[in-house]
Each structure stands twice: as structure tokens, then as C-alpha cells.
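Subject: Structure for you to look at

Hello,

Here is the structure I said I would pass on. Please open it first, then read the notes below with it in view.

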Amino acid sequence: MALIRALMLLSHEGPISQIKYNRDGDLLFSVSKTPPAMVWRTDTGMRLGTYEFGEKSAISCLDINKDTTRLVTGSAGNMIRLWDCETGACLQTVTTQTSVRTCEFSSDGQIIFYTTDAQRKISPELAILTLKQFEGGAFDYIAQTHITDSKVTAATWGPFDQHIITGHENGSLRFYQADNSAKRVQVLRNEQIHKDTVTDLKMTSDKLFCLSASKDFTAKLSTSDRLENIKTFNTDRPVNAAAISSLRNHVIIGGGQEAMWVTQTHSHTGKFEAKIFHVIYEQEIGRVKGHFGPINSLAFQPDGRGFSSGGEDGVIRMHQFPEIYYDFEFDRFKFDR
Amino acid sequence: MSEFPKQGGISTGDGMYGILKTLGSDEEADSSTPELSDDEGYVECISDIDILNKLKEIHKPNEAETIMLHHRLESPEVSKEFDSIIIVENIPQIDPKGEKMEKLEIILRKIFSRFGKIVNIYFAKETNAMLKGFMLVEYQSSDSAEQAKKIADGYIMDKSHTFTINLMTEVVEALGMSDEFKEQTPLAYPGERQGPLWWWAMKEDAHDQYAILHQGSNTDLSNSDVHLSLWWNTGSVPRYIVERLKWSMLGFTWSKQGTFLVTVHPQGAAIWAFESFERFQKYPHFGVKLVDISPGENYVVTCSLPQSEDDQNVKIWNLLTAKVVKTFSVESVVIYPGGRDKPAKWPLIQWSYNDEYFGILSLANQSIKVFQSDCMKLLDDKVIHIPNIQDFSWRPTGSNVLAYWFPEQNQKPAQVALMSIPTRAIARQKNLVGVHDCELKWTENGRFLLCKVIHYISKSRKQNKTKTAFEVFSIGQDREIPVISIDAGESVTAYALDQNGNKIAVMSSEATKDVIGHQSTLKFFSVDPSRASNPFLKDMTGVYASHLSWSPLGQYLVAAAISQNTGDLIFIDATEFSVINRQNHTGFTDIQWDPTGRYLCSYINYMTRATECSYALWTFYGRCYYKFTIPFLYAFKWRGRPPKVLTEGEQLEIQKNIAYYQKIFEQKDKKAQRNEADKLFKKYRAMFNDFMDVKNCIKDRLHELETSLNKRLDSTMDEENFDIEIVESFDKEKVEIIK
């Protein structure tokens, strides 16, 4: 038992939907079901500023480009917004047909993709657009396709931005690639990895693996170029979020009972802890308590020396690992070093 | 059955071969009919197993035949000669010398000659010259025998006699088993006799096994993902034995001596044995909910909920043959006295220690029905009528004694009494006044009977103020059965009697004025009759627990806070009345000592507490050496141990030389630990290497992809420059802010 200090960031009024560090790891961006989006200093936990929306619809996703100049957010108000990170000015908006589920910058920051939910008779959509003329100019759609069979619930860019890895409501993971000439995306690969909805999808920092979290109580590590499942982390709860360390072979997994059951259970039995697993041995090595509701989003600090979690309770907890974390050996034979 | 271990198979095969020769193929040599059915003088006064042995002696196979015999055993068709013989059970049990005998034989011949020509009929006889209730019928052809079984099985001869018919070949197999593991053939080492059935107890390490019923990570509770897994408790990391999916759907249990694993399925119950855990026998009983095995492992009791009035929902089976030997109709109110969601009153049928008798309590008729299990009849054809009886309990070892109690009624005092069976003599009784409730508990060695008696304090009885006293009956060598009364005060929350000693531990908590809450005290009393005047031994404060549990070995006990968030486990040495260790296991719902009394398991049962489950294994002095988290754990059960083989003298001898054995075992443990570490090392190294291989493999693949991409992309230089410019300007601004 080691103590881990947490900074509690309490400004959000609604459940946190996503948190992300910038690449340098000095800033943390967060969005919740109630606007605005916020940015925090990671060393002190001070709030640097907000991104004002002027509307009330829930924000579901965000991404920061590599050099921390642009922020992109997607909301349930059918809107993708591009922000200037520094000034907080909204530079550009894209109106979508339905509410946005995921959006992400490519690694050069020139292209974004977004996915949307199904609403009434409109089927979910996956679109890729380029930001070349983002200073006032129009977005250029590279590809835009309706996905009719199963909703995209999580997505991220694959290695070298060659394709988009998507996680679906039916538990499958897929590769989508843009076909430039037809302005459409097409499925390259389709693997049934999970048994239930994929809730989170992240690439490792070296882009070799992708980590998927699912409501089927597991998180799984698959190869990023062929989607072969190689490691499985079993828990006793629906997993809402997962993150993988760049420093050590650890993943952190968070989740909890569905929000509708939360009021009926004690926080002790609600299984709201974040669990740390060893990647290679698939064993739980620690857990961090603190949230009073399910964890919705997790992010490792880019240097792997800390992590943050955002919960249904509207709290973001920012943790720095204690010294003992770096000395910890799961296998006493020290293969891992 | 065909995969029966050879060792047992051959030895029994001998005997069966003997009977086969005499009954079957030797028919031409002897004039068969007179020898077998008429020569009463010869077969009198021997039981059927004796017959087998006798016949074996009479017809000793010579060498050539023995070889042939082995050949037979290896071939799938064990014995063709048996095919034409059937065994008819449930024929009237009458005097073979009486007048009715002739008539009976005529009737039976008439019935069975319908299926083919009868070569021979043989009636089995009781020692007291009565017919035993079954007979053998030999036909000329096996077809007739099969026909007879098919058609006449279940033939109702009259009201009380319904035939059960089996082919001899089937029974041979069943009897083969019985010869191997029943008590009838005395051998020097019961362990050897039990052979493959007691395989786990004969392992050199003498580790114990446990079984857990759990569910994987699946959310749906439709029993689709239920695993039953078995483990060795090694004192360090448990060793895996076997796990099967859907092995048991509705819980499981071990038989008392641990020989059989009992699983419950919607279609019925099944028992499993041997090292391979193959199915030993099954008991088809649709909708079975509760299962029990008699302590001597001769009978299986299954119980379902009654579907209609007069539904024979409780069935007693012969464990070996899987024949129903007795059925009862029991209302669901009796099975679930506290309602369907409360635990059942189980076992309903209570067995005496050696399976000789069993009793059923009937609250409605105010009586105990005691049955003799060899004939499944009421003892002396009479129920034991005890007005207002509330509960009874058999002595678990030693002799057939049962204890019962009834409360006050019509100026008659309440009473706890011991009754010997079958004489029905009251061995000891104790009258009590002002009794509210009473609980009867025996120690496992049958030495003490503990009655927890709750007395009313006020005479009006309207206030619910009660106090607790213990009445301890000690059954020693003497004929006298002394009773000690121990007054334990008003607020007893938990108590436990030393299973192997003479102490009782009582937890009482009293409200205090100065401290908010309760002050709890753990008191020890002696139940030794020589200390009857002053049984109080010692009290300990600062130990709070909801449950007390003695190690089966005695001396050590654990005070446990069951189903509480603190999950305290306090390990106490009762010789010095000191706390050895305080530990906690958050939220555990049950504790169980292993049969050696050296290890304790605490676990969270998902049914009682819907949280993340886990179980922890502790040594008796409170060191946790293993803790395992399972999402859904439904049951944990230690496998029991067979009775001790060594005499008390031999046991003492071992105790004397304990230092010598200790060294050996310590060395073994060390070696085992080293092996374990080696294994772990290999496992980890393999996992690590595998992972690294995969990682390198992807790295290579991605590198290939990268080079191919680089070849294609050659016009992105400008944009990259543009990127770098922005980064620089951003950094400059940031520096300014910090200043």
C-alpha cells in the first residue's frame, strides 16, 4: 500500500466525457457533458482557461494537435469546433448530421476524422477532412461514408495515419482506409475482438499496439497492423476507459457499474477504482480509489510518470506516481527491466 | 465403467469369475437345480457377499483359467455367460420352508417363463432362513433375459411388490465396485482397499484439496459460464487440478469422507471420483435442489420441491447402484421453513454415524421417524413419539445416540435428552425451566453435546429479556453422563465449542455508558466435568467478532467479523488466551477450516455480498499466504479426509518423533518452493519472450510499411518546415509567460 497523491480538478459541472494530455504533458484538456471545455496546468492543477461554446449540448470528445496550437471538440449539438488553444477563440466549425462521437487529429495535425452516432433514420458516419485552409477557409472532405451495420463507439488513427482503427457497438475492431478517388472509406479488416460495445481505443506511444476497452468487462491489447488480440485484462466491471504507459509495461483500466445503477450501491462496492495491470503478465498490480462514480476517461501522462482520470461524478483526479512505483517489480526475475 | 482402474478390477474379477463358473457354465457338470435352490443347509447363514467369497474359494481358478480370466477382463465383453441371467428384486420375503413357498415359486415361474425357457431359479435367503427378497433367474438364451428385463421390469405383482429387474452383467459391474470400496472385505490398510477412490489422501505430500464454484467475467447469470475448479492447497501457491465448465449448475458438495464430489444439475445429481474425476454414478431426479450424502457414504439423498401433493420429492438412493431405496413426500414449508429466499433446512434426513439408522423429524406429528437403513423400515415399526419435540441430532461418532429437546408444556418442564437407538432407552435427560430456545451441537468426536439454552429472565415473559446458559453433556468412558451448566450472561453474540478439547469460547457484548457502542468480551469456560463447580477460565477484552470458529485440531480459534467492511480476523491461541495475530480481509462472508485444522479460508460469496469476490488462505497463526480475486465466487469447499488409519498408539509414536519428521517435511517444502520458483521463472520468461517476439515482429512489419511509405511521399518537406516554425514561435511565447 503506497499513498498516491491526487489533485482534484473540480470545475466541471457535468460528468467528464474525455480528458487528454498534450504531447508535452504540461497541459491537460478536458470536456464534460456540460460546456465549457477546459485546460489545466498539470504541475499545479491550476485551470488555465475555458473554451466557451455558447450552447448547452454535451461535448463528447476532444483532441489536441501535436504542437498544442489547435484543439478540436465534437459535441452532441452536431458540431465539430476547431479552437485556437492559446486564445480560446473558435476558429472554425463543421456541422454534422448527428451528434459527434469521436474526433482526432492526424499526427501532422493537417487532417481530422470524426464519427457520428445514429439518430432517427440517419445512420452513423465516418468522415475524414483536411484542415489545410482552416484559417477561415472551408474544410475539405477527403472521405465521408455512412456505416450502416454497427455504430462506431471509439476510434483512433492507426500507424502512420494509414488507416483509422474503429471500435464498434457489436464489439468488433476494424480498419477503415480512405479511398481518395471515391471520397469514401472502406473496410480493410474486421475482427471480432470483444463481446460487447467497445468503449475506448488507444494507441501505444510506439504505435505497435492498440488497447481497447469494452463493456464485456475486459480490456484487450491487439497488434496495430493486423488486429491480433495478444493480451486480455479481465475485470469484474464494464470497462469504460483504458490507457497504456509509455514508461513501463503497465495499463490502467477504469470503469464501473452503469450510471443508472450507481445510486443503488455503496461507493465501496460500485467498483469505481482504476486498476493497474501488468501488460505482459496480465495480472492486476494495483488500484487507485477515489471516484464516486464510474470512470469515463483515463489518460497517462506522456512521460508515464502520472495519470489522470475523469469520472461520471464530474471530478478529474490528477495523479503523480510515488517513488515506489518506479521500484516496483512484478516479476522478481526482472525480465521487465 | 470400462475404464475402471485395473488393480481393483482384477481382484474383484476373481470373485465374480467364481460365481460365474458356479452359476453359469458349470451347469452341465452339476445337476444345477437341486444344488442351488434346494440345498438350503448349504447356503444358509451367509450374506450375499459371503456367497461370492465362498464360491470363489470353492472354485479356485487354476493357472490356465487365470490367464483366461485376464484375457476376459481386457476384452470388452466381460462375461457372456451372465447374459442369460437376470436378478429380480422385491419378491415377497417369506419363509422358504413354509407352505407359501411352493405357491410363490409356481407364480414366479409362470411370470418369467413367458420370456423363454428357464434353466434355473435361485432364491437368496436371509440368515434367519427368510427369503432375502431377490432371486436369480437363468434363461437358456440371453435374448430371453433381455426380453424379461425389458418387459417385466416394474411388474407389479401385488400392492407391496414391484419387481426391479437387472441383467446379471450389469450387477456384476456394480458389485465389482462394491467389493472394492465397501467395508465388507477387511484388509490391513483401508487406504489400499479404497485404492483409486482415496487417491488424493494417499499422495505423499498429504495436501488437501478444495473446490470453488465461480463464474468468469461474463455478466449474464444464466449459468452459461459457471466453472467448478479444484485445487491443491500446498501451503504456498495452490496447485491447479482440474476445471470444468458447467460441471455443476446449482452448487456442489463433497461427501463427508471426501471420496465423492457431488454435483447438482437440473436433471439430477451426479457423483464423481478417482483421480480423473470421472462420473461414478448419477441419480436422475428432475428439478433436484438439495443433495446430501450419508456420513458412511452408502446413501445419497436428493430433494426437489414438491410439484403436487403426495409428490415423492425426497429420494434416498443406494450410492452404488443408483436405485431408489426410499422416497418421502415433504412439503416445501418443511424444506424452507423461513420462506423460499431463506436457506433451506438441510439435511432433512439425519443419518447416524455409521449409516445404520436415519431419522426424520416431524414437527406436525411430534415425533422422530427412525428408520433402519438396511431394510428401509421403521425401527420396530413405530415412530418415536415425543410431545412437542423441536429438534434432534445424532451423535456424530461412537454410538447410535440421538439428542433431542422439547420446550415446556402443560406444567411439564422443558427437557434435553439423549436416547440410545435401537433400544430407545433414555441415557440422560435434563429438565430445564423458562426456556425460550435451545440449540443442540455435538463436537465432531462425539465427546460433548453442547446445548445453548436461552432462558427468559422475567417471569411474565412479555419482555424479550433473555439470558444464555450452556448445558454440556459429556459422554466419556463412564456410564454416567455428567452435565455441566454454564451461565454466560445476557448478551451472547457468538459461541463455539472446542472440537478436540474441553473449552468453550463465548463472545458477549454489553452496552457501555462511557463508550459509545458496545464493550465486547471473549470468555472461556471449561466443560471438563471435574471443573463443574467453577468452569470459568479466562476473559479477553478488545476482541470483537460476530463469529467464533475453532480449528478442528483444537487449541486455536479464530474470531471473525463476518460480512462487515472491516473484515477482521483475529487468531487466538486458547492455551495461553492470547491473540497471535490480527488480520483483515475486507467484507468476507464465510470462513472454513481445512480438515487438518492448519489452514483457514476466508472468502466472499457473491450470493451473500454482491461485490468483487476473493478468497484468502491463512495459516492457523494468521499468516496470509495466498489471496485470489475472482469476479464471481459462489462456493468454496474443502475436501474432507477419510478416517484415520493409524491406531492411537501409532499416532502417539509419530507425535513423539515429530522433530524427525519435521526436518524431512521442511526439506521437502524447501524443495517444493524451489521448484515452484523455477516454474514461475520459466513461465514468466516464456511470457516475456513471447511478448517481446510479438513486439519485434510488429516493429519489423511497421518498419517495412514506413519505408514503403517514405518512398511514396516526397513532397511533404514544406509542410514539415511549416510545422517546425509554429512550434518555435509557441515556445517563445511560453517563455515570456513564465517570466
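L646(B) sits in the loop between β43 (632-638) and α11 (648-656) of chain B. Please keep in mind that this is a predicted model. Together with V645(B) and I654(B), L646(B) makes a nonpolar surface patch of about 210 Å².

Chain B also contains an open sheet that can be followed strand by strand. Four strands make up this sheet, in the order β35-β36-β37-β38 (chain B), and their pairing is antiparallel. Which strands are at the edges? They are β35 (547-550) and β38 (578-584) of chain B, each of which pairs on one side only. From one strand to the next, the twist averages 20 degrees. To see one pairing in detail, look at β35(B) and strand β36 (residues 556-560) of chain B, which run antiparallel to each other and are joined over four bridges. In this pair, H547(B) is opposite A560(B) in β36(B).

Some totals for chain B follow. The chain has 13 helices and 43 strands. It is 739 residues long, and 45% of them count as buried. The accessible surface of chain B is about 38,800 Å², with 50% of it belonging to carbon and sulfur atoms. Taking the contacts in chain B with a separation of 6 or more, 47% are between residues 24 or more positions apart.

Now to chain A. Its secondary structure consists of one helix and 28 strands. Of its 337 residues, 59% count as buried. Chain A exposes about 13,500 Å², and carbon and sulfur atoms supply 48% of that area. Among contacts between residues at least 6 apart in the sequence of chain A, 45% join residues at least 24 apart.

The next topic is charge. Side chains of opposite charge can pair when their charged atoms come close. How many salt bridges does the structure hold over all chains? There are 21.

One of them joins the side chains of D84(A) and R70(A), at 3.7 Å from N to O. D84(A) belongs to strand β8 (residues 79-84) of chain A and R70(A) to strand β7 (residues 70-75) of chain A, so this pair ties together parts that are 14 residues apart in sequence. D84(A) has a relative accessible area of 18%, so it is buried. R70(A) counts as buried too, because its relative accessibility is 13%.

A second salt bridge is formed by the side chains of E273(A) and R287(A), 3.5 Å from N to O. What does this pair tie together? E273(A) lies in the loop between β23 (250-255) and β24 (274-278) of chain A, while R287(A) lies in strand β25 (residues 284-288) of chain A, so the pair links parts that are 14 residues apart in sequence. E273(A) is buried, at a relative accessible area of 11%, whereas R287(A) is partly exposed, at 32%.

In another salt bridge, the side chains of K275(A) and E284(A) meet at 3.2 Å, N to O. K275(A) has a relative accessible area of 3% and is buried. E284(A), at 29%, is partly exposed.

Last, a glycine. G293(A) is placed in the loop between β25 and β26 (295-300) of chain A. Its relative accessible area is 4%, so G293(A) is buried. Which residues does G293(A) contact, leaving aside its neighbours within four places in sequence? They are F272(A), E312(A) and D313(A). G293(A) and E312(A) are 19 residues apart along the chain, and their C-alpha atoms are separated by 5.2 Å.

Regards

Note on methods:
Residues are numbered from 1 along each chain as its sequence is written. Chains are lettered from A and ligands numbered from 1 in the order in which they are written. This is a predicted model: local features need pLDDT of at least 70, side-chain atom pairs count only at pLDDT 80 or more; totals for chains, interfaces and linings use all residues. Side-chain values use heavy atoms; hydrogens and water are left out. Two strands pair if DSSP finds at least two bridges between them. Helices (H or I, at least four residues) and strands (E, at least two) are DSSP runs, numbered from the N terminus. Axes are lines fitted to C-alpha atoms, for helices over the stretch in contact, and angles run from 0 to 180 degrees between N-to-C directions. Patches are made of residues with over 30% relative accessible area and no salt bridge: like charges are joined within 9 Å, nonpolar side chains (Val, Leu, Ile, Met, Phe, Trp, Tyr) within 5 Å. Accessible areas come from the Shrake-Rupley method with a 1.4 Å probe; for residues, only the protein chains shown count as cover. A salt bridge is a side-chain nitrogen of Lys or Arg within 4 Å of a carboxyl oxygen of Asp or Glu. Buried means under 20% relative accessible area, exposed over 50%, partly exposed in between (1.4 Å probe, protein chains only). Contact means heavy atoms within 4.5 Å.
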